[in-house]
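User: Hi! I would like to go through this structure with you, one question at a time. Could you start with a term we will need?

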Amino acid sequence: MFTSEKGVVEEWLSEFKTLPETSLPNYATNLKDKSSLVSSLYKVIQEPQSELLEPVCHQLFEFYRSGEEQLLRFTLQFLPELIWCYLAVSASRNVHSSGCIEALLLGVYNLEIVDKQGHSKVLSFTIPSLSKPSVYHEPSSIGSMALTESALSQHGLSKVVYSGPHPQREMLTAQNRFEVLTFLLLCYNAALTYMPSVSLQSLCHICSRICVCGYPRQHVRKYKGISSRVPVSSGFMVQMLTGIYFAFYNGEWDLAQKALDDIIYRAQLELYPEPLLVANAIQASLPHGAMKSSKEGTRCIQVEITPTSSRISRNAVTSMSIRGHRWKRHAIILSYHLQF
């Protein structure tokens, strides 16, 4: 780490300590434009033996619990790199050098599992019904399945998936490690639209490294550093895929493609059905050519809108039209025989 980069980090550490509370919103707004500070912080996180790592982790946690949305997102952008550093140190069994990173991850987790009143959060998600139209489909175009889904929806039989409440954790162990890390990635994915390009690049890199370290593909990717295998859970890989899918359509096509290939490689080795299902679905839905989209501007995924029911009804094949076609055909044959 260069002296100039070290000076940038030290200035950032001292500036926040003397900042009056009334200046916090302006400070948070201007912080995201300091690219030199962000790159310097990444270098600190990537050096487990750095003397600045502990004060940096402490300040990132102060940002997260400050209640200021911009400061919370500033900390979140480093989450993939923090997770990788923790897993890499854990795989090398040098746990003592990751103490401050572990404390930061636990602090963010314990803050996220409760609401502002301190009560445990329960997240819910309603699985969409095919009987109701969306930007992806029209119920009338599905045929007999639409009738079944429509009948079910009238009885209110919609499926809701719940997550939580999650228990407080005082330390990370082999038993709860991926429960905590999977939830943290879920929080990161919830804020993906606010993450800068450097964070998406970090996400793609760490997904590749987690999946191939300790396996023959590590030599193909030419990843240096640890050569131990990094344990990973099925749910954690699914959360990685969520972020990778977003990166595909937001300026990081090549890195996301490499990460997707590596996740499929690892999922096949581990025989994990969930990440294989999601990864293959993502791969099948990708356009043939790379997306030449700008890294700035509107972030969206392009979808092809199916025709509406009014457009379909003009040429739709119904039982009445089939009968009409059949009688018309019989009339033509009958007139032909009468002529001869």
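Analyst: Happy to! A residue is called buried when its relative accessible area is under 20%, and exposed when that value is over 50%. Please keep in mind that this is a predicted model.

User: Thanks! Is Leu53 buried or exposed?

Analyst: The relative accessibility of Leu53 is 2%. Buried means under 20%, so Leu53 counts as buried.

User: Which residues does Leu53 touch, leaving aside neighbours within four places in sequence?

Analyst: With neighbours within four places set aside, the contacts of Leu53 are Val44, Ile45, Glu47, Pro48, Cys100 and Ile101.

User: Let's step back to the whole chain. How many helices and strands does it have?

Analyst: The chain is 340 residues long, and 39% of them are buried. Of the contacts with a separation of 6 or more, 73% join residues 24 or more positions apart. As for secondary structure, the count is 16 helices and two strands.

User: What share of the accessible surface belongs to carbon and sulfur atoms?

Analyst: The accessible surface of the chain is about 20100 Å² in total. The share that belongs to carbon and sulfur atoms is 56%.

User: Which residues touch the most other members of the largest nonpolar core, and where does this core lie?

Analyst: The largest nonpolar core has 91 residues, and those touching the most other members are Trp12, Phe74 and Phe236. Helix α6 (residues 79–91) gives the most to this core, with nine residues. Both domain 1 (1–118) and domain 3 (196–289) give residues to the core, so it lies between these two domains.

User: Which aromatic cluster does Trp12 belong to?

Analyst: Beyond its neighbours within four places in sequence, Trp12 contacts Tyr27, Leu31, Leu37, Leu41, Val56, Gln59, Leu60, Phe63 and Phe74. Tyr27, Phe63 and Phe74 are among these contacts, and they are also among the members of the cluster.

User: How is the pair of Tyr215 and Tyr265 arranged, and how far apart in sequence are the parts it ties together?

Analyst: The whole structure holds 13 aromatic pairs. In this one, the ring centres of Tyr215 and Tyr265 are 6.4 Å apart with 85° between the planes, an edge-to-face arrangement. Tyr215 is in the loop between α10 (197–212) and α11 (217–221) while Tyr265 is in helix α13 (residues 253–270), so the pair ties together parts that are 50 residues apart in sequence.

User: Are Tyr215 and Tyr265 buried or exposed?

Analyst: Tyr215 has a relative accessible area of 10%, and for Tyr265 the value is 17%. The cut-off for buried is under 20%, so Tyr215 and Tyr265 are buried.

User: What are the centre distance and plane angle for Phe248 and Trp253?

Analyst: Phe248 is buried at 1% relative accessibility, and Trp253 is buried at 11%. Their rings form an edge-to-face pair, with 5.0 Å centre to centre and 75° between the planes.

User: Which arginine lies over the face of Tyr215, and at what distance from the ring centre?

Analyst: There is an arginine over the face of Tyr194 too: Arg73, at 3.5 Å from the ring centre. Over the face of Tyr215 lies Arg229, and its distance from the ring centre is 4.2 Å.

User: Where is Val230, and which residues does it touch?

Analyst: Val230 lies in the loop between α11 and α12 (234–248), and at 1% relative accessibility it counts as buried. Its C-alpha atom is 6.0 Å from that of Ile210, 20 residues away along the chain. Not counting residues up to four places away in sequence, Val230 touches Trp84, Leu87, Ala91, Ile210, Cys213 and Arg266.

User: One last question: what is the phi value of Leu271?

Analyst: Leu271 is in the loop between α13 and α14 (273–285), and it counts as exposed at 68% relative accessibility. Its phi is positive, in a residue other than glycine, with a value near 60°.

Conventions:
Residues numbered from 1 in each chain as written. Predicted model: local features only at pLDDT ≥ 70, side-chain atom pairs only at ≥ 80, totals over all residues. Heavy atoms only, no water. Helix = DSSP H or I, 4+ residues; strand = E, 2+ residues; numbered from the N terminus. Buried < 20%, exposed > 50% of the residue type's maximum accessible area, 1.4 Å probe, protein only. Contact = heavy atoms within 4.5 Å. Areas by Shrake-Rupley, 256 points an atom, 1.4 Å probe, with all protein chains shown as cover. Core = buried A, V, L, I, M, F, W, Y, C linked by side-chain atoms within 4.5 Å. Domains from an automatic or database assignment. Phe/Tyr/Trp six-rings, centres within 6.5 Å; stacked < 30°, edge-to-face > 60°. Lys NZ or Arg CZ within 6 Å of the ring centre and 35° of its normal.
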